[in-house]
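Here are a few exercises to work through with the model open in your viewer. Try each task before you read its solution.

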Amino acid sequence: MRLLEIDRVRITVLVDNYTDLLRSDSSSVVTRPDLQNGEVLLAEHGLSLHITAWSGDESLSVLMDAGASKVALLYNAALLGISLHDIAALVISHGHDDHVGSLVDVLELSEKPVPVYIHPGSFSRRQKRFSDKPFVDIAPPDKAACMDAGAELLFTSGPTLLWQDRILITGEIARTTVFEQSNPVYYVEVSDSSDSWVPDLFHDDQAVILNLKGKGLVIITGCAHAGVINTVQYARAITGIDTIYAVIGGFHLSGPFFSRIIDPTVATMQKIHPGYVIPLHCTGWEAINRFIEMMPDQVVLNTVGSVYTF
């Protein structure tokens, strides 16, 4: 797909797992929030990113994901002076509840219909199934409530271009690596019959891709359930652009199942050699530290409210 270049992009982290008000700028591409008089930002196990891209005199702002709760996203956005009333679109990386908590609330802020780019599989019922304890239901976004709140649902099973071919949403991501596999505790309902639950391969997992002029691709992931390396390789394949300037988002390397693939993931990312690697949300502390150890000049440690300008 012909993904046109942009001149600049600013990514503001509105929701993430970590907060640290004392962290200073560790890279020229990041600025930290300047809060006063006891103001604090809220962290939670969720993700939301406000993305503004520029091309010449034009700009466009989209929101990727909507956090876990009904509190953190709206609170943090207001404190940081980020308007959610006039975003051009919402992009949902996948249907897990820690990415759609404030989805309806954000939609209700707008006085006009809001395009929501989402894979149809994101509305499926999901569970985490364990052998030694009860199953855990994972509530999907409420489709009817989204539509009542003004969502214009635009389904992204395949690659989708928006803003005159300057922003690319991947849709389903091809699985090409040997080591990136889905956690077997996840299940998804594929029909309404009682025996319709199958292992969840996260076909709805998707990323946002930008082509930064003279730099290469900026790849923004939600959880990278498809695998962060698979995501990078798929972005290369569908754009025909090999150079990766930045990878930012959740890499889903936390927990005992994924600890075994931290080293091959980091080693492969070293070979890809992005200019910046910014792990968020579900990447996990062990994996983040491994990235810092092996790629110290490329990794930026994120905290809530950080603003990245490329």
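**Exercise 1. Work out the strand order and pairing sense of the open sheet of four strands.**

Step 1. Reading across this open sheet gives E9-E8-E13-E14, and the pairing is antiparallel. Strands here are DSSP runs of E with at least two residues, helices are runs of H or I with at least four, and both are numbered from the N terminus. Two strands pair if DSSP finds at least two bridges between them.

Step 2. At the edges sit E9 and strand E14 (197–199), each pairing on one side only.

Step 3. On average, neighbouring strands of this sheet are turned by 30 degrees against each other, direction ignored.

Step 4. Now zoom in on one pair: strand E13 (residues 186–189) and E14 run antiparallel and are joined by three bridges. Tyr187 stands opposite Pro199 in E14.

A word on the source: this is a predicted model, in which local features need pLDDT of at least 70 and side-chain atom pairs count only at pLDDT 80 or more, while totals for chains, interfaces and linings use all residues. Residues are numbered from 1 along each chain as its sequence is written, and side-chain values use heavy atoms, with hydrogens and water left out.

**Exercise 2. Trace the open sheet of eight strands and find the helix that lies across E2 and E4.**

Step 1. The order is E3-E19-E2-E4-E5-E6-E7-E10, with mixed pairing.

Step 2. Strand E3 (30–31) and strand E10 (151–155) are the edge strands.

Step 3. Strand E2 (residues 8–15) pairs with strand E4 (residues 48–55) in the antiparallel sense, over seven bridges. Val15 has Ser48 of E4 as its bridge partner.

Step 4. Helix H1 (residues 72–80) lies across E2, E4 and strand E5 (58–64), at about 125 degrees to E2. Axes are lines fitted to C-alpha atoms, for helices over the stretch in contact (heavy atoms within 4.5 Å); angles run from 0 to 180 degrees between N-to-C directions.

**Exercise 3. Describe how H6 and H7 cross.**

Step 1. The axes of helix H6 (residues 262–272) and helix H7 (residues 285–294) come within 10 Å, crossing at roughly 35 degrees.

Step 2. From H6 the contact includes Ile262, Val266 and Met269, and from H7 it includes Ala287, Phe291 and Met294.

Step 3. By class, this contact has six nonpolar, two polar and three charged residues. Ala, Val, Leu, Ile, Met, Phe, Trp, Tyr, Cys and Pro count as nonpolar, Asp, Glu, Lys and Arg as charged, and the others, Gly among them, as polar.

**Exercise 4. Which residues are closest to the centre of the largest pocket?**

Step 1. Among the 21 lining residues, His45, His96, Lys128, Tyr186 and His252 are closest to the centre. A pocket is an open set of points on a 1 Å grid over the protein atoms alone where a 1.4 Å probe fits, with protein on both sides within 12 Å along at least five of seven lines; lining residues have an atom within 4 Å of a point.

Step 2. The lining divides into ten nonpolar, seven polar and four charged residues.
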